[in-house]
Amino acid sequence: MHSRFLTGSTISDQSGRQSGRIISIGECMVELAPRADGTYTMGFAGDTLNTAWYLRRALPAAWSVDYMTCIGTDAVSDRMLAFLGDAGIGTTHIARLPDRTVGLYLIELAHAERSFLYWRGQSAARLLARDPARLAQALTGADVAYLSGITLAILEDDRPTLLTSLTELRARGGMVVFDPNLRSRLWPNATIMCDAIMQAATQADIALPSHEDEAAAFGDASPEATARRYQQAGVPLVVVKNGPGSIITLANGTLAHHDVAPVQTVVDTTAAGDSFNAGFLAAHLTGNPLTQSVAAGAAIAARVISSHGALIAQH
Ligand code: AMP
């Protein structure tokens, strides 16, 4: 049931799918980015939103891309909703909570180094899985659900509710795609983070970890070790990103290395992994072989890291 899109050589509906519905679940935040004159530009970003944004550009129009989250009822939340709609991302499953608002982060530039300050402790998105009926409704009819470790980290009490809804989606033949996107500061401690990530992995059809993060959290000695850990958790297809290093795929037990073309000048690595995921998934879901799908992901990521910012408009 879950092997429809797995590898180029084993896709059972040979051409992939020309149409389908993908829903990305997580938190979109207000971004305040510094300008040279000391003022700030307001934008919107967040890991799962970045992937949805690039997916919308990379997938054929017959595929729908929806975002699922919670936002407030205020004017800034209105602007976020309009931004998503203008990008072609479906907003039907975005709930509006009157007593909360969207999270915010500010990019701080010190000696050309970027650091991030966050105000997201009470963000509306933390309640995105509070209502099981709403969750079930959002996932009904979805072919693919995409989420990240950040989605899990912000949920506090509702992780089991989200995982149950993913289990139900898979039981209906849907696919779950998971980027562990490990951010230790969002979790109470490393043990809780690692346990929650590996529990979610048991519900994933595709895992898209980044080796550097995984090595720091799990002590993996190599990208291959990262791939095998997710395989042992039951993930049929694991794609391990490794910065400029080779990407490792482990598909139904078959390990492969895919070289990444060097990028001349890396300007800003924000959203490298998020955009890779979108390029990879769009190619994979529409029936391309694994090697081409990895190349498509790396090509988008290469363009994204050659420019400033998370969302690069020429895609
Ligand atoms: P990461 O999550 O940092 O491992 O990066 C995600 C993807 O972005 C990688 O798999 C590469 O395709 C691309 N990427 C990141 N850093 C570089 C780099 N320095 N040179 C070329 N590609 C990169």
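This is a predicted model: local features need pLDDT of at least 70, side-chain atom pairs count only at pLDDT 80 or more; totals for chains, interfaces and linings use all residues.
Figure 1. The shell around the ligand comprises 15 residues. Those that come nearest are S210, N242, G243, V263 and A301. Divided by class, the shell holds 10 nonpolar residues, 4 polar residues and 1 charged residue.

**Figure 2. Helices α9 and α10 in the shell around the ligand.** Helix α9 spans residues 272-285 and helix α10 spans residues 290-305. Each of these two helices supplies at least two residues of the shell. The helix that gives the most to the shell is α10, with 3 residues.

**Figure 3. Packing of helix α9 with helix α10.** The angle between the two helices is about 145°, and the axes of α9 and α10 are 7 Å apart. Their crossing is right-handed. On the side of α9, the contact is made by A272, S275, F276, G279, F280, A283 and H284. On the side of α10, the contributing residues are L290, S293, V294, A296, G297, A298, I300, A301, V304 and I305. The residues of this contact comprise 12 nonpolar and 5 polar residues, with no charged residue among them. A301, one of the α10 residues in this contact, is also among the residues that come nearest to the ligand.

**Figure 4. Packing of helix α3 with helix α5.** Helix α3 is formed by residues 132-139 and helix α5 by residues 159-171. The two helices pack at an angle of about 35°, and their axes lie 10 Å apart. The crossing of α3 and α5 is right-handed. Helix α3 makes the contact through P132, L135 and L139, and helix α5 through T161, L162, S165, L166 and L169. By class, the contact of α3 with α5 contains 6 nonpolar and 2 polar residues and no charged residue.

Terms used
Residues are numbered from 1 along each chain as its sequence is written. Side-chain values use heavy atoms; hydrogens and water are left out. A residue is near a molecule or strand if one of its heavy atoms lies within 4 Å of it. Helices (H or I, at least four residues) and strands (E, at least two) are DSSP runs, numbered from the N terminus. Ala, Val, Leu, Ile, Met, Phe, Trp, Tyr, Cys and Pro count as nonpolar, Asp, Glu, Lys and Arg as charged, and the others, Gly among them, as polar. Axes are lines fitted to C-alpha atoms, for helices over the stretch in contact, and angles run from 0 to 180 degrees between N-to-C directions. A crossing is left-handed if the near helix is turned anticlockwise from the far one by less than a right angle, and right-handed if clockwise. Contact means heavy atoms within 4.5 Å.
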